[in-house]
Amino acid sequence: MLLPAFDNLGIPYIPSSTLRGVARAQALRELKSEIEVAKYFGSLKAEKANQAGKIIFLDAYPLPESKKGGLALDIVNNLWSWDGNSLKYKPNPNTFFSLQGVSFLIGLRPRDGVSFEILEQVKNWLICGLNQGLGSQVNAGYGVLVEPQKQVEHGFFSVEFTVQGQLIHGS
């Protein structure tokens, strides 16, 4: 069954783990080697330098300027089910909210010391993966990337701060 992702405030979003998975799957299709993919996305089985991923993926949220779309009612219809060894046909429609015609802000951030080239490579894998589809991956996927546009050159929100507690455990 297809289920859209909503955060704890009820806002639809694409989880960062999904975006990372799409980019990693595309990298694996191109590189055809888990060892090479680990150099970008990390693996606990890799050497110490490659155990953590090089790029941080942030959750993607729809932009408020998406005036041509928004929430839409969608349906999944499970037609077939098994009853023992026999296949039974019975429509079973399930309605749910989905998104239609929205733009998402996708955030990627390189870890300290990671080159711009690695960031660009992972970004390109993400774009290629999103072009193939995102979601159930049935046929072309549930949603596909239409326009990879509008790059934000500088961080969308950046603040330097220090947190100081009640001096029980220091600052």
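**View 1. Lysine 39 and glutamate 36 in helix α2.** Because lysine 39 and glutamate 36 lie three residues apart in helix α2 (residues 34-41), about one helical turn separates them; helices (H or I, at least four residues) and strands (E, at least two) are DSSP runs, numbered from the N terminus. This is a predicted model, in which local features need pLDDT of at least 70 and side-chain atom pairs count only at pLDDT 80 or more, whereas totals for chains, interfaces and linings use all residues. Residues are numbered from 1 along each chain as its sequence is written, and side-chain values use heavy atoms, with hydrogens and water left out. The two side chains meet in a salt bridge with an N to O distance of 3.0 Å, the term meaning that a side-chain nitrogen of Lys or Arg is within 4 Å of a carboxyl oxygen of Asp or Glu. Lysine 39 has a relative accessibility of 36% and so counts as partly exposed, and glutamate 36, at 31%, is likewise partly exposed; buried means under 20% relative accessible area, exposed over 50%, and partly exposed in between, with a 1.4 Å probe and protein chains only.

**View 2. Further salt bridges, including one in helix α3.** The count of salt bridges comes to five. In helix α3 (residues 116-132), lysine 123 and glutamate 120 are three residues apart, about one turn of the helix, and their closest N and O atoms are 3.4 Å apart in a salt bridge. Lysine 123 counts as buried because its relative accessibility is 18%, while glutamate 120, at 24%, counts as partly exposed. Another salt bridge joins the side chains of aspartate 112 and arginine 109 at 3.9 Å, N to O. Aspartate 112 is exposed, with a relative accessible area of 73%, whereas arginine 109 is partly exposed at 42%.

**View 3. The largest nonpolar core.** This core has 17 residues, of which Leu19, Phe41, Ile55, Phe57, Val122, Leu126 and Leu130 touch the most other members. The elements that give two or more residues to it are α1, α2, β1 (55-57) and α3, and the largest share, five residues, comes from α3. Such a core is a set of buried Ala, Val, Leu, Ile, Met, Phe, Trp, Tyr and Cys residues joined through side-chain atoms within 4.5 Å. In soluble globular proteins, nonpolar side chains tend to be buried together.

View 4. Phe6, Leu71, Leu73 and Phe97 make a nonpolar surface patch of about 440 Å². Patches are made of residues with over 30% relative accessible area and no salt bridge, with like charges joined within 9 Å and nonpolar side chains (Val, Leu, Ile, Met, Phe, Trp, Tyr) within 5 Å. Phenylalanine 6 is placed in the segment before α1 (16-31) and counts as partly exposed because its relative accessibility is 35%. The accessible surface of the protein chain comes to about 12700 Å², and 55% of that surface belongs to carbon and sulfur atoms; accessible areas come from the Shrake-Rupley method with a 1.4 Å probe, and for residues only the protein chains shown count as cover.

View 5. Strand β4 (residues 80-83) and strand β5 (residues 86-89) run antiparallel and are joined by four bridges, two strands being paired if DSSP finds at least two bridges between them. Tryptophan 80 stands opposite tyrosine 89 in β5. Two residues lie between the strands of this hairpin, and glycine 84 in the turn has a positive phi of about 70°.

**View 6. Lysine 32 between α1 and α2.** Lysine 32 lies in the loop between α1 and α2 and, although not a glycine, has a positive phi of about 55°. Most residues other than glycine have a negative phi. Lysine 32 counts as exposed, because its relative accessibility is 68%.

View 7. Glycine 70 is found in strand β3 (residues 70-77). With its neighbours within four places in sequence left aside, glycine 70 is in contact with Ser98, Leu99, Gln100 and Val102, contact meaning heavy atoms within 4.5 Å. Serine 103 is 33 residues from glycine 70 in sequence, and the C-alpha to C-alpha separation in space is 9.4 Å. In the protein chain, 57% of the contacts between residues at least 6 apart in sequence join residues at least 24 apart.
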